[in-house]
Amino acid sequence: MAGIFPQDPALPIGSTLTATCSVSPDLGLHASSLFWSLNGRRLPSSSYSVLSPTALSVTLPGLPASRQRSGDNLVCHNHGGHVLAGSCLYIGMPPVKPVNLTCWSRNTKDLTCRWAPGGQGETFIKTKYTLKYKLRWYGRERECEEYNAAQPYSCYIPRDLALFTPYEIWVEATNQLGSATSDVITLDILDVVTTDPPTGVSVSRVGNLEDHLSVRWESPPALKDFLFQAKYQIRYRLEDNSDWKVMDDVGNQTSCRLAGLRPGTVYFVQVRCNPVGIFGSRRAGIWSEWSHPTAASTPHSERVLSGSCDSKSGDSNSTLRRELKQFFGWVRNHAYGCGGMSIKLYDQWRVWMQKSHKTRNQVLQGDKS
């Protein structure tokens, strides 16, 4: 029989370790015939010391961080390479205080929390993170149990949460070298409610208006049974542009008119929701994720063909266009976006203007012929 001391030590990065392999005299092996390996690589004999006929030590200065969280393998062999004993070395750092702890609820009955490891985030050895919570003024301390393997710094509490009572929530990080605790956050479930993104988002043209698109969507289904109002945001971008333009004035309606767009262009549109007034709470909730992008294109613009006409007619047309331009600017300033003002008059005026352009084009082409 044989053994290594110390067995499975945990040491800070840069430490010096002296380990000893002791063999039973019954094995008939002399210490000078033994050798050491670390992670499968034989260590030089210059680092050995024969302590007795049955004990051989090795000294490892300035240990680097463990290559794997399960530890580095330090092994003692006989002269033929047979493994006599082994020890795992855990070389790393103690955890740093976790930071950026945030939580949100999907339906007022559950809670998901996420955080980030402190410092550089890497301890090089297995570190356990435990989310703990309790009612602020009474109740016992509890631990979250459903951790997400795909997102290692998050945990899900699916049930048994109280409303109208604040919780204290924190994260503890522990490993073989120490422990650290995050700051405690205090929250009421009703103040951190979010929803799934709005569903059924559709984008369509508004007749032949070349710079308009109509957007419609459905309220998120998860909170329809709760007393709340929702406010929405829309963002849109050109097909060949990664920059989004956000509209904040949508309010709680489930439709919107986008104006001032580029004719004959494909736009991508997304919508998200923020629940407000849940059970009378005066605080807004948390914005949902954006809905999947929905695409639509504006109609191609029909421009007036160039042509000659007498000066009197030109002056008249110039004055008319100037007056229409002024009216167009006034309407757009008052009807742009998703406010509550009706823009029926604006639509009628645009249709009339486009028809007048077509008529004028036909006249000009007739004069040329």
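In the predicted model, Cys76 has a relative accessibility of 0% and therefore counts as buried. The residue is bonded to Cys21 in a disulfide with an S to S distance of 2.2 Å. Cys21 likewise counts as buried, because its relative accessibility is 0%. The link between Cys21 and Cys76 is left-handed, with -80° about the S-S bond. Since Cys21 belongs to strand β3 (residues 17–23) and Cys76 to strand β8 (residues 72–77), the pair ties together parts that are 55 residues apart in sequence.

Over the whole structure, the search returned 3 disulfides. One of them is formed by Cys103 and Cys113, whose sulfur atoms are 2.1 Å apart. The torsion about the S-S bond of this pair is about 110°, so the disulfide of Cys103 and Cys113 is right-handed. Distant parts of the chain are linked here, with Cys103 in strand β10 (residues 99–104) and Cys113 in strand β11, 10 residues apart. Cys103 is buried, at a relative accessible area of 6%, and Cys113 is buried at 0%.

Cys144 and Cys155 also form a disulfide, with 1.9 Å between their sulfur atoms. A torsion of about -95° about the S-S bond makes the disulfide of Cys144 and Cys155 left-handed. Cys144 is located in the loop between β13 (142–143) and β14 (146–147), whereas Cys155 is in strand β15 (residues 154–157), so the pair connects parts 11 residues apart in sequence. Both Cys144 and Cys155 are buried. A further cysteine, Cys273, is buried with a relative accessible area of 0%.

Salt bridges number 7 in the model. Among them is the contact of Asp183 with Lys97, in which the closest N and O atoms are 3.3 Å apart. Asp183 is exposed, with a relative accessible area of 52%, while Lys97 counts as partly exposed at 37% relative accessibility.

The side chains of Glu172 and Lys132 meet at 2.9 Å, N to O. Glu172 counts as partly exposed at 23% relative accessibility, and Lys132 counts as buried at 11%. In a second pair, Lys134 forms a salt bridge with Glu168, the closest N and O atoms being 3.3 Å apart. Lys134 is partly exposed, its relative accessible area being 23%. Salt bridges with shared partners join Lys132, Glu141, Glu143 and Glu172 into one network.

Gln120 is placed in the loop between β11 (111–116) and β12 (128–135). With 78% relative accessibility, Gln120 counts as exposed. The C-alpha atoms of Gln120 and Pro95 are 9.7 Å apart, at a sequence separation of 25 residues.

Strand β24 (residues 266–276) and strand β25 run antiparallel and are joined by 4 bridges. Within β25, Ala296 is the bridge partner of Tyr267. In a regular strand, side chains alternate between the two faces of the sheet. For β25 (residues 294–297), the covered face comprises Thr294 and Ala296, and the uncovered face Ala295 and Ser297.

Methods
Residues are numbered from 1 along each chain as its sequence is written. This is a predicted model: local features need pLDDT of at least 70, side-chain atom pairs count only at pLDDT 80 or more; totals for chains, interfaces and linings use all residues. Side-chain values use heavy atoms; hydrogens and water are left out. Helices (H or I, at least four residues) and strands (E, at least two) are DSSP runs, numbered from the N terminus. Buried means under 20% relative accessible area, exposed over 50%, partly exposed in between (1.4 Å probe, protein chains only). Two strands pair if DSSP finds at least two bridges between them. A disulfide is a pair of cysteine sulfur atoms within 2.5 Å. A salt bridge is a side-chain nitrogen of Lys or Arg within 4 Å of a carboxyl oxygen of Asp or Glu.
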